[in-house]
Amino acid sequence: MHEAAASAAEKIRMLSTPLIRVDRRSLLFPILCGGLVMGLALGIRHVQGLFMLPMTMDRGWSRETFAFALAIQNLALGFAQPLAGMLSDRFGGAKVVAAGTLLYGLGLAVMSAATTPMGLYLGCGLLIGVALSCTAFGVVYAALSRLSPEADRGWSLGLAGAIGGLGQFVAVPATQALQDAFGWSWALLLLGAGMVVLGVLAPQLRDRGNVDAAVGGRSTQPMGAAIRQALGHRGFWLLNLGFLACGFQLAFIASHLPAYLLDKGAPAQLAVTGLAVIALTNILGTFACARLGDLYRRKNLLALVYLVRTAAIALFVLFPVSATSVILFCGVMGLLWLGTAPLTNGLVSQVFGVQYIGTLFGFVFLGHQVGAFLGVWLGGYVFDTTQSYDMVWLGAMALGLIAAALHLPIDDRSVLPAEAPTPA
């Protein structure tokens, strides 16, 4: 009798609690929608280096002017990401993503019409930077983390990242084709229109009903207490500092590789091919890194990623530029390009849980974007000063070694209290 009553009470509790989707098939459509939004958002960001030379030549700007706009974008993304994460944790990822797609379209329109550096800084810098905080890793991965059971979390993030990588791959030839057919200004407007259209997919990322189930019945804590707990954790700061190297390397390469190759006498098509190879291999690399994070310690995988990246950069700089060297370099970097995002996100949720994953990953991502600001701005500043990118390549290698060393001592044990047994 007692067992029957307990069973009935348990059924009532389950029916009254929002459930996480447990069937992988039911997760596929939200993953697809999140991946598509993230893919175009990051894809447009990935190809902005293709606009550097035509825009600066038409407007009479220096490379540093364009690079500074991209630096503002990266810094705006970094500082806006914690706020976007807080809003997604409070109101759900769907609303934040929808607002982000509209803001992204506006930013590209302002960038297209900019005739002064200030207009470029506003559109390409501030507006797109804030829009990226609403449509990229922080919010999309947070929503999918809450929609997915813990056992499938790596699979969900990896698959979304792979779809996003496919979007980035398509963005490279599509952007080049749009520029060739309509010019760089109309290309920006058409990309912005595509971003606005993708806003219709945002409702598939509704995750608010899954928060209570995602914390597994544990007693929850206020957001302020969760933030203070994270800021007092040594590993949280090590993860933040290590992520700075990732931002520096990726932003510098994505923004300045086309110009670097042209300076070395390579044809313009080789730069497009290189960015496409990065985006294509990133599809496999992101999914593989996320799945490996379910099998091995994520902090060790992150350290390995930074070491391999550093070795690839060193070999690329040492050998003469050729089609073979560019494709090999971009292939290796692509395999490791965005794989750090699901690994870092997974490590944050592993230690601190998923209730405030958007907020906490936002703070970690701030370190990434400080590095991105330095990478893209210093690339332009150092080139204009020395007519060479050599010092920036050396800085990227040094930061990669430091990041690998910072990840190894991270304490990756969960700080959440153990779940108490449910009384009969």
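Modeller: Helices are DSSP runs of H or I with at least four residues, and strands are runs of E with at least two, numbered from the N terminus. Here, helix α9 (residues 184-197) gives the most to the nonpolar patch, with 3 residues. This is a predicted model, so local features need pLDDT of at least 70 and side-chain atom pairs pLDDT 80 or more, while totals for chains, interfaces and linings use all residues. Residues count from 1 along each chain as its sequence is written, and side-chain values use heavy atoms, without hydrogens or water.

Colleague: What makes up that nonpolar patch on the surface?

Modeller: Phe-182, Trp-186, Leu-189 and Leu-190, with about 410 Å² of accessible area together (Shrake-Rupley, 1.4 Å probe).

Colleague: Why is Leu-190 called partly exposed?

Modeller: Buried means under 20% relative accessible area and exposed over 50%, with partly exposed in between. Leu-190, in helix α9, has 35%, so Leu-190 counts as partly exposed.

Colleague: What makes Phe-68 and Tyr-121 an edge-to-face pair?

Modeller: Rings of Phe, Tyr and Trp (its six-membered ring) pair with centres within 6.5 Å; planes under 30 degrees apart are stacked, over 60 edge-to-face, the rest tilted. Phe-68 and Tyr-121 have 5.3 Å between centres and 80° between planes, so the pair is edge-to-face. Phe-68 lies in helix α4 (residues 63-91) and Tyr-121 in helix α6 (residues 117-135), so the pair ties together parts 53 residues apart in sequence.

Colleague: How do you know that Tyr-121 is buried?

Modeller: Tyr-121 has a relative accessible area of 18%, so Tyr-121 is buried, whereas Phe-68, at 29%, is partly exposed.

Key. Patch = residues over 30% accessible without salt bridge, like charges linked within 9 Å, V, L, I, M, F, W, Y side chains within 5 Å. Salt bridge = Lys/Arg side-chain N within 4 Å of Asp/Glu carboxyl O. Buried < 20%, exposed > 50% of the residue type's maximum accessible area, 1.4 Å probe, protein only.
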